[in-house]
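Dear colleague,

Please find the structure below, handed over for your files. My notes on it follow directly after.

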Protein chains: 2
Amino acid sequence: MTEIRYDVVAIGNAIVDIIGRCDDAFLERHGAPKGHMRLVDADTSAALYAAMGPAVEISGGSAANTMVGLASFGARAAFIGRIASDDFGRIFRHDIKAAGVVFDSEPVAGRAPTSRSMILVTPDGERTMNTFLGISTELDQGEVRADMIAQSAIVYLEGYLFDRPEAKAAFRQAASIAKKAGRRVALTLSDGFCVDRHRDEFLDLIRSDVDILFANEDEITSLYQLPFDEAAARTAADTSLAALTRSAKGSLILADGKSINVPVDPVAKVVDTTGAGDLYAAGFLYGVTQGMPMEVAGRLGSIAAAEIIGHIGARPEVRLDKLAREKGLMK
Amino acid sequence: MTEIRYDVVAIGNAIVDIIGRCDDAFLERHGAPKGHMRLVDADTSAALYAAMGPAVEISGGSAANTMVGLASFGARAAFIGRIASDDFGRIFRHDIKAAGVVFDSEPVAGRAPTSRSMILVTPDGERTMNTFLGISTELDQGEVRADMIAQSAIVYLEGYLFDRPEAKAAFRQAASIAKKAGRRVALTLSDGFCVDRHRDEFLDLIRSDVDILFANEDEITSLYQLPFDEAAARTAADTSLAALTRSAKGSLILADGKSINVPVDPVAKVVDTTGAGDLYAAGFLYGVTQGMPMEVAGRLGSIAAAEIIGHIGARPEVRLDKLAREKGLMK
């Protein structure tokens with residue numbers, strides 16, 4: 001049997017975030033649905049960038065953020081995603097490797113640019129994402145490293161990948177390789193609108209291949225078209241392990257017939273919610289890969305999410321293992 | 001006579017900062033002189049980037065930061081600097097324009113990349129800069145817009161430009177155009193090592209063309225090779241107006257034979273000193289262009305510097321005119 005070299009390998013969009021501040025009126029004027037991710041084409045992207053205020057660039061990408069969080073807890077994490085041979089590609093590659101995540105995908109020259117997301121943060125700390133999927137959309141089955149997936153205890157898949165057929169095929173292939181190798185498959189639903197676009201396929205995938213499901217309230221209610229409690233009951237029936245995040249209300253873990261409520265970790269000031277779900281997943285997955293009790297895994301998710309919403313950007317600014325030790329959750 | 005359209009036009013390096021954290025040992029290992037700016041070639045730049053931790057990208061450039069600060073006070077500011085047609089060039093262009101600074105320089109394709117500086121911030125908040133001067137060094141006399149300079153009450157020149165002959169020529173040309181148009185010339189010495197490299201030429205320029213001089217303690221003592229008090233006396237003899245910044249000791253304004261000590265503005269925590277001098281210059285120049293008393297101009301410099309060292313990056317995160325009004329320095 002293949003030796004396990006990674007706790008988790010993720011497949012996702014390789015994105016650099018362009019983060020700026022705006023008011024609610026700006027979002028309305030530009031048709032950006034508050035709190036959601038929308039895909040923008042090159043023209044809309046250029047027009048929005050011209051209109052938005054000064055920004056900072058920080059590496060992002062939902063599953064990539066989760067892998068950086070895992071590495072910060074001390075796990076062995078790897079990431080598969082496509083970057084172009086441009087400045088944004090170099091930024092993405094540098095930051096994820098410098099964070100201790102294994103990233104072997106080679107930059108691709110002469111095609112689309114590296115993907116970027118214009119993230120507009122309103123005064124309440126809520127983020128609204130406008131993603132220009134450049135070369136990420138070209139992620140195809142050739143990029144999915146069968147060896148890496150077979151060597152990982154868990155393969156973590158980003159729902160956003162469903163937005164392009166090639167990436168979706170790569171996604172399904174990865175799940176299939178993992179299953180054959182006896183590994184676990186984790187999925188994050190990514191965004192309520194994304195779930196809307198692919199509801200039936202997500203449900204099929206969850207019932208057939210997914211061992212660990214991550215979703216927020218918006219996503220899980222969108223998936224089942226039911227109020228939260230009913231959607232949670234359906235989730236428990238469809239999956240063996242799920243973590244449903246509910247912003248300030250904490251998270252609900254559904255594990256082998258049990259329901260566990262996990263409180264949030266207190267935050268002095270919500271600066272930017274970008275990455276809150278990604279980092280919750282990092283803490284939870286760390287707990288799962290280390291065989292910790294579900295309550296502890298959930299608490300690790302809460303402290304990672306709290307760290308990330310206290311500052312701009314979706315990559316942790318301090319070591320998460322240190323934070324977890326200070327809270328008495330890790331030795 | 002040409003109408004004045006801008007309070008200040010600056011000529012400087014158009015740089016995107018790549019800001020990361022490190023400890024003092026990292027600086028020593030990589031031969032980076034703490035608290036200074038050093039120029040690095042492409043190979044050193046690549047090696048340092050590979051070694052440094054995760055970073056954020058924020059538009060920078062000394063004189064560019066000063067112009068953004070001026071615009072944030074409500075002044076009419078313009079910037080001249082050369083960018084390439086790449087992601088970093090687009091970032092620089094977007095951010096400076098979004099901040100309200102007039103920037104008409106067109107991106108140049110197919111030559112060197114846009115300039116970048118790897119800024120390493122140590123736990124004490126001190127920044128150490130490693131600048132790869134890409135296309136900035138190609139700034140030449142063709143880029144110096146005579147019309148723009150003649151339309152500006154003050155032309156502000158960045159000492160760093162002296163590090164390349166073409167830029168130095170452009171620099172001298174700008175000073176000459178300004179003088180002929182009856183405008184004032186301001187100069188910042190930029191860095192103690194930079195002064196070391198060009199001491200005699202700086203002295204010549206200051207005595208012949210400079211009306212307003214900015215320097216920190218390190219730079220002014222390097223210029224005159226004298227202790228601070230004696231260097232300040234020489235500065236007073238050589239210039240009609242100078243502002244000498246002394247970190248926590250505040251600043252000393254030398255104006256027509258008078259010496260004025262200006263206190264610093266209190267800062268809760270020094271996070272990153274990048275841009276402290278640039279923003280001091282912004283506040284001081286704003287006061288000068290509005291005909292305020294020198295004490296007030298100095299205080300505006302202090303509050304702008306305090307704002308910038310409280311967070312990562314050298315561009316203000318709040319409106320400086322609002323801050324100045326809260327402090328009762330502006331109406």
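This is a predicted model: local features need pLDDT of at least 70, side-chain atom pairs count only at pLDDT 80 or more; totals for chains, interfaces and linings use all residues.

Residues are numbered from 1 along each chain as its sequence is written, and chains are lettered from A and ligands numbered from 1 in the order in which they are written.

In chain A, 9 strands form an open sheet with mixed pairing, in the order S6-S5-S1-S9-S10-S11-S12-S13-S14. Strands are DSSP runs of E of at least two residues, helices are runs of H or I of at least four, and both are numbered from the N terminus; two strands pair if DSSP finds at least two bridges between them. At the edges are strand S6 (102–103) and strand S14 (258–262) of chain A, each of which pairs on one side only. S12(A) and S13(A) run antiparallel and are joined by 5 bridges, with A:Leu244 opposite A:Leu252 in S13(A).

Two helices of chain A may be noted here. Helix H9 (217–224) of chain A packs on the sheet, where it touches strand S11 (212–216) and S12 of chain A, and its direction makes about 105° with that of S11(A). Helix H6 (165–180) of chain A lies across strands S1 (6–11), S9 (152–158) and S10 (184–188) of chain A, running at about 160° to S9(A). Angles run from 0 to 180 degrees between N-to-C directions, with axes fitted to C-alpha atoms, for helices over the stretch in contact.

The contact between the chains takes 18 residues from chain A and 19 residues from chain B, residues being in contact if their C-beta atoms, placed from the backbone, lie within 7 Å. On the side of chain A that touches chain B, H4(A) gives the most, with 6 residues. S4(A) and strand S4 (56–59) of chain B pair in the antiparallel sense over 3 bridges, and A:Ile58 stands opposite B:Val56 in S4(B).

A:Ser247 lies in the loop between strands S12 (241–245) and S13 (251–255) of chain A. B:Gln225 is in the loop between helices H9 (217–224) and H10 (228–238) of chain B.

Yours sincerely
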